Amino acid sequence: MNATIDRYAYATLCPSKDGLCRFSALDGGAYEEWHSEEAIPTEGPLQLLKGVYNRVVREYMGGKVVPLDVKTFSDAPPGSGLGSSSTLVVALLQAFVEYFNLPLGEYEVARLAYEIERKDLGLAGGQQDQYAATFGGFNFMEFYANERVVVNPLRIKDWVWAELEASLVLYFTGVSRASADIIDQQSRNVGESKQSSIDAMHSLKREAVQMKECVLRGDLRGLETTLQAGWEAKKRTATSISNPLIEHVESIAFANGARAAKVSGAGGGGFMMFLCDPENRLRLSRALIDQGGSILDFHFTAQGATAWRIS
């Protein structure tokens, strides 16, 4: 169960006339350039940019290196739990699709983004972020064996959409974290047949189904219950998902009107999400800001990955 918000990753592609391939992360200040006849390694802070470039060149350009100037930046900080890395890969891929007129639809872009992150670059994680960024909107996603994925767009009533926006508070703890470490721990727990973690995973699956039904029906009290139950189950999948900072912030939130909580992404830091009655949103936000973090104002968006050309 996933919903996208109006925070974006951006990528631009321009031809390079001097035979150099240039990669720039404008928000992080990282920059690299390579001669077009060189093999471009994927190590370093620009691995996402170079990983997308290498895969497209290998799979769709017949291995022929094309000199390009590739630049990116993102509205969300890395390690925030908002899927910023996967969203950046999707934005890059969508730019390449537009630039080279590649025959890739939404499912193909999301699948390729997943393969670049998880297989080509070996970064730990799942699949939902790539599909969420590509499709946009409220989606219920089904993941099957052999990496088969079905994305079900949900028709959310306008009043439910508005009430959710008025009831949700996104709080940035100020602590970025490496999601791969937490995901590796979850994977080990499941791989070692640790029953408590496996049971928690099954509970998360049930809560996702229940959450979908609550959103479609407009059952916001039921949504609060299932969101909180999902968060409690998630904490049981790995010990590093929660920590004293998260537990403290959660206690402050519940003392100031929160009715449900969840950490976005893998956990350990980044953004925390709280559900409250709309009349308590201001009080809750002020109490959270007093803890040293910041509130992210946002709106849901139905727009997925988009690319365009300018002359």
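**Sheet, helices and cores**

Reader: Which residue in β4 is the bridge partner of A25?

Author: In this predicted model, A25 is partnered by A30 of β4.

Reader: How many bridges join β3 to β4, and are the two parallel or antiparallel?

Author: Strand β3, residues 20-25, is joined to β4 by 6 bridges, and the two run antiparallel. In their hairpin, 4 residues lie between the strands, and G29 has a positive phi near 80°.

Reader: What is the order of the strands in the open sheet?

Author: The order is β2-β5-β3-β4, which makes 4 strands with mixed pairing. Strands β2 (9-15) and β4 (30-35) are at the edges, each pairing on one side only. From one strand to the next, the twist averages 10°.

Reader: What holds paired strands together, in general?

Author: Strands of a sheet pair through backbone hydrogen bonds, in either a parallel or an antiparallel manner.

Reader: And which strands does helix α1 touch?

Author: Helix α1, residues 47-60, packs on the sheet and touches β3, β4 and β5 (68-74). Its direction makes about 140° with that of β3.

Reader: Where does α2 lie?

Author: Helix α2, residues 84-100, lies across β2 and β5 and runs at about 35° to β2.

Reader: Turning to the largest nonpolar core, which residues have the most contacts inside it?

Author: They are F23, L49, V52, Y53, V70, L93 and F96, in a core of 34 residues. At least two residues of this core come from each of β2, β3, α1, β5, α2 and α3 (106-120). Helix α2 gives the most, with 9 residues.

Reader: Leaving aside its neighbours within four places in sequence, what is L49 in contact with?

Author: With those neighbours set aside, L49 is in contact with F23, S24, V70, T72, L88 and L92.

Reader: How many residues are in the other core?

Author: That core, which lies apart from the largest one, has 23 residues, among them L168, L170, M211 and L275.

Reader: One more topic: which residues of helix α5 are buried?

Author: In α5, residues 158-167, the buried residues are V160, L164, E165 and S167.

Reader: What do the buried residues of α5 pack against?

Author: They pack against the strands β6 (138-143), β8 (168-172) and β10 (271-276). They also pack against the helices α7 (195-217), α8 (220-235) and α10 (281-289).

How values were computed. Residues are numbered from 1 along each chain as its sequence is written. This is a predicted model: local features need pLDDT of at least 70, side-chain atom pairs count only at pLDDT 80 or more; totals for chains, interfaces and linings use all residues. Side-chain values use heavy atoms; hydrogens and water are left out. Two strands pair if DSSP finds at least two bridges between them. Axes are lines fitted to C-alpha atoms, for helices over the stretch in contact, and angles run from 0 to 180 degrees between N-to-C directions. Contact means heavy atoms within 4.5 Å. A nonpolar core is a set of buried Ala, Val, Leu, Ile, Met, Phe, Trp, Tyr and Cys residues joined through side-chain atoms within 4.5 Å. Buried means under 20% relative accessible area, exposed over 50%, partly exposed in between (1.4 Å probe, protein chains only).
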